[in-house]
Amino acid sequence: MRTHSRRSLLGVGMAAAGSGLLTSTGAAALDAKKGRHHSHHTPPPPDSHDGHGSHGSHSSPSSYVAPDGPEVIRKERSRGSGPLRRFSMTAAIDKFDMGGQIVETWAYDGLLPGKEVRVTAGDKVALTLHNRLPHSTTVHWHGVQIRNDMDGSPAVTQRSVRAGASLDYTFAVTRPGTHWLHSHVGVQLDRGLYAPFIIEDPREPLAYDHEWVVMIDDWLDGVDGMTPDAMLAKLNKNKPSGADGHDGMQASGSRSAAAMSRMRRRAGHLMSDDPSDDVEHAFHLINGRVARDRETFRAKPGDRIRIRLINAAAATAYRVALGGHNMTVTHTDGYPVKHKQTDSLLIAMGERFDVLVTAKDGVFPLTALSAGSNNQTAQALLRTGDGEAPDVKTRPKELRSGGLSADKFKAAASVRLSDSEPDRIIKMDLTGSAEDWDWAINGKPYTASQRYPVHQGERVRITFHNTTKMWHPMHLHGHTFALPNGGPRKDTTIVLPDKKVSVDFDADNPGLWMLHCHNVYHSESGMMTVLGYKAER
């Protein structure tokens, strides 16, 4: 059982001149009609350095595994061929009601969030994306250990799906978990192009009566003439043309003075527990709805509810609590942890938590408080009986503790990464400032040609050193890593200002994999790079 906001108004999806499957450069796209892969893997030459403790490689493109190379195909075959689950999804322009204010944005199938994609571990997924947007797009499957040519990284694993075209994403899933899908082109994530992607466990060990999927988001698109592209252009206004962006950042449209007033320079006042930056979002949503138009999830007193919490925001971390209840945390980023009770959680962009609650009798606010200095909230309700709903401004006392972050948990024994010394250590300094908006890794802004080399079978350690005044939730595609000392398995981790975090992972999924800050305005301004598997000779 789950509850969604589905308040699409005045759908204005654009007509497209035909459709067809897009082949790739630097990737393989599946031709649904002929069942063939077309490979045109010609990535540009890398531009960094090789070696352990390295900053990349000068090797030729052919020295790296291609996204559709034989190593990738073999790995996919090893995942098996379970039942085929077919889905279709259309990206188009739509309008939504934000509590009385109508905004135009881009969304999937006229829904916000998009319709949930739910499968079972062992299934094979076949999703057809139809692009009816005025711009190219992709789908990235956040948190999924996917075949490389289906990862949705433009200019790295695929060419973006052009306006009017369609593309089949076909891949096997082997591990259960709470994940999500979203566009990986430019700042399209900060529109409405996201949806839950839930992989059920065929041997589910948890017992519960209901399930509630909760997607939390920050929103600026269509407010006072603002768009995410306009915001990104404003933030990067002092950079040389073409110095940043990811697969064709759109030119910004007109924007009002009121919209520009939403930008605030406050980097000089940031504290280590404040992830805020220059981007102020007008609204904060739970399942596509603002607090004054909040969703209600209904259950009975005593019911056990599994809540899957997903932070789909572009630039906001949240402290989350369910008024009057404690939560038992069971998973982080789709992987089980040793169960621990808490009254609230701190969830960064891209992170997910699964929790169990036993519902009390009454009406209770599920509140997501922005972790920055603006103190805005998103809210939904859990109703198990009669009674008046709390005021939308109500903040549960459970939020006062500040919330547990993922590093406070330990991996369950079944998924704990084995103890092993790393074969390779990669050092990544997170650099830049809100004043200059020059976000980068090791001082080098992103280009699609960057490569940090790894070899199949290695234990790899990445040491992030945050030299900036901002939080950075760092996300690795196609893998999960372990936090130190038996910490949880994750794909996204918070790196606080002036702190170091080391994460370990096993290089067991060949290809070219993006690694970036999941503040989309940081990644699209340069804090992003690529890990590349070296081809074995």
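Guide: Let me begin with the terms: strands here are DSSP runs of E with at least two residues, numbered from the N terminus, and two of them pair if DSSP finds at least two bridges between them. The model is predicted, so local features need pLDDT of at least 70, side-chain atom pairs count only at pLDDT 80 or more, and totals for chains, interfaces and linings use all residues. Residues are numbered from 1 along each chain as its sequence is written, and side-chain values use heavy atoms, with hydrogens and water left out.

Now to the sheet itself. Six strands form an open sheet with mixed pairing, in the order β13-β12-β15-β20-β17-β18. Its edges are β13 (283-286) and β18 (335-342); each has a single partner strand, so one side of each is left without a neighbour in the sheet. From one strand to the next, the twist averages 20°, with axes being lines fitted to C-alpha atoms and angles running from 0 to 180 degrees between N-to-C directions.

Within this sheet, β17 (residues 327-332) and β20 (residues 352-358) run antiparallel and are joined by 4 bridges. Here T328 stands opposite L356 in β20. In general, strands of a sheet pair through backbone hydrogen bonds, either parallel or antiparallel.

For context, there is also an open sheet of 5 strands, ordered β25-β33-β32-β27-β30, again with mixed pairing. In that sheet, 5 bridges join the antiparallel strands β32 (residues 512-517) and β33 (residues 528-533), and H516 stands opposite M528 in β33.
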